[in-house]
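Thanks for coming. I will go through one structure today, starting with a pocket and ending with a helix.

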Amino acid sequence: MLENKECERLCTSKYSKSDSVFVNRNIRASYNHNWIIDGLPVASVVKDERTDTTFYGPGFHIGEVDSKNNAHLSNHFVITIEYHKRGEDKFRVVGATAERHSLDRTGVASDASNDKVCSLDLNPVQLSKEKESDVLFTYSIQFKESDVAWATRWDKYLHVYDPKIQWFSLINFSLIVSILGIIIGHIIVRTLKNDIVKYNEVNLDDDISDESGWKLVHGDVFRPPKQRLLLSVLVGSGLQIFLMSFITIGFALFGLLSPSNRGSLSTFTFILYIGCSFVSSFTSAYLYKFFGGENWKLNMILSPVLVPGILFGVIVLLNFFLISVNSSGAIPMGTMVVIVIIWFLVSIPLSVLGTILASKKPLISVPVRTNQIPRQVPVQPWYLRTIPVMFISGIFPFGSIAVEMYFIYSSLWFNKIFYMFGFLFFCFLLMVITTGLITILMIYYTLCSENYKWHWKSLFIGGGCAIYVFIHSFFLIGGEKLGGFTSFVLYTGYSIVISLLVFLCCGSVGFLCSLAFVKTIYAQIKI
């Protein structure tokens with residue numbers, strides 16, 4: 001500590017022709033070094049042109065590309081460690097930056113002085129693809145006293161990129177949610193009220209061939225949907241993902257999941273997801289029982305296995321691609337086995353408990369009886385069919401999180417620290433509220449067109465924003481930035497996983513809101 005070093009020789013590495021090609025390609029692809037000193041990432045000093053401020057960007061490039069498109073490997077690093085003095089012989093690291101240089105020592109003697117070995121006048125290193133290359137790595141360390149306290153040492157790393165955009169997005173979609181709320185309020189307070197008054201004056205035993213509307217499907221609206229088992233499992237899994245996301249973002253909002261605790265966010269999310277297995281199985285079993293399902297044992301098995309199993313299978317498949325390219329980001333097989341063991345030891349018992357409690361809970365009463373013979377569904381307008389209505393409805397919830405998705409993807413793929421959980425929390429609430437409102441609106445129009453098959457449609461309407469999340473992911477990164485087939489597969493695969501999670505989360509919100517809406521309006525009419 002506090003011992004400066006100049007031009008310390010670290011090692012000499014040999015690069016074969018194939019290694020040289022590999023390193024040069026990664027330099028052009030802007031690969032980074034990611035070092036850690038006392039829990040802090042070794043950073044490069046970055047200037048934000050929009051706000052004219054400087055901050056610390058985690059990591060630094062492994063090399064640079066000159067104007068002639070020649071790649072130069074960095075092999076000399078000047079590390080500056082900032083420390084805060086607390087008292088006599090008490091110091092704390094509050095910052096770490098690195099300045100990199102590319103210095104070709106081919107013509108420098110092995111016993112040359114440090115001034116010659118680390119002279120910045122040396123030509124840059126250029127790895128040859130025609131022959132082996134020897135590269136000497138060196139480093140210097142400088143200690144610099146700082147007034148920054150230990151409690152605020154992360155402030156330099158946590159930089160808000162153009163906060164005006166986020167405020168604009170938040171205010172903009174708050175207005176959209178308000179407008180949607182007014183529309184829904186108009187429907188519920190005025191339109192539905194008039195409908196209920198009119199329908200209560202109609203005798204359904206009379207000839208009402210000229211009548212139309214949502215009351216006419218009262219005898220079928222609570223008819224169990226097709227594939228009731230699958231629907232109940234998906235809704236339960238979606239509610240599990242929703243609770244996991246909501247609680248995680250809430251904890252992060254209050255600073256309980258600081259980026260200084262590396263891995264705390266992912267660990268907390270995994271534990272919370274397992275803990276919410278109880279809610280998933282309870283919801284799934286209760287809905288399945290509400291739909292009249294009898295194979296409760298299969299429901300109990302599928303609830304903790306179906307969606308988590310698919311997610312785990314996709315991640316394992318993508319992990320094999322990482323292993324095939326010798327990536328350090330590959331998940332070890334031991335970790336995979338531990339995840340499976342924890343899942344079966346914790347999630348399965350919680351799921352069994354949730355199913356048992358759901359079986360003992362009395363069912364919610366439905367306000368109308370279901371006819372024995374299903375009613376024929378008339379031809380639906382094109383905009384109320386499943387696929388078009390998903391695209392129409394999905395744009396509103398997606399708009400509320402579009403900006404935050406950009407920063408989340410930047411954090412995942414471009415080595416940026418995401419910490420703006422305040423914006424994320426309110427955008428998440430806007431997305432949930434918008435999803436519920438737009439799903440209720442579309443289900444109302446669906447019932448008005450005498451289509452009582454609202455169950456699956458509400459799930460797809462609510463999850464419609466997942467389509468835009470997936471499409472948006474490819475606008476965040478150009479095809480030229482994806483270095484090869486493996487990178488493309490990984491990016492596409494993880495984007496599909498994220499979109500699937502968004503679909504289940506929003507779809508379950510849409511379904512539960514629609515169920516409450518349908519039950520409420522049909523309880524107001526006299527049959």
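In what follows, Ala, Val, Leu, Ile, Met, Phe, Trp, Tyr, Cys and Pro count as nonpolar, Asp, Glu, Lys and Arg as charged, and the others, Gly among them, as polar. This is a predicted model, where local features need pLDDT of at least 70 and side-chain atom pairs pLDDT 80 or more, while totals for chains, interfaces and linings use all residues. Residues are numbered from 1 along each chain as its sequence is written, and side-chain values use heavy atoms, without hydrogens and water.

The second largest pocket holds about 460 Å³ of space. A pocket here is an open set of points on a 1 Å grid over the protein atoms alone, where a 1.4 Å probe fits, with protein on both sides within 12 Å along at least five of seven lines; lining residues have an atom within 4 Å of a point. The volume is the space filled by probe spheres set on the points, which are joined across faces, edges and corners.

What is the lining made of? Eight residues are nonpolar, seven polar and six charged. Strand E12 (133-145) gives the largest share, four residues; strands (E, at least two residues) and helices (H or I, at least four) are DSSP runs, numbered from the N terminus.

Now helix H1, residues 17-28.

Methods
Expected span 1.5 Å × (residues − 1).
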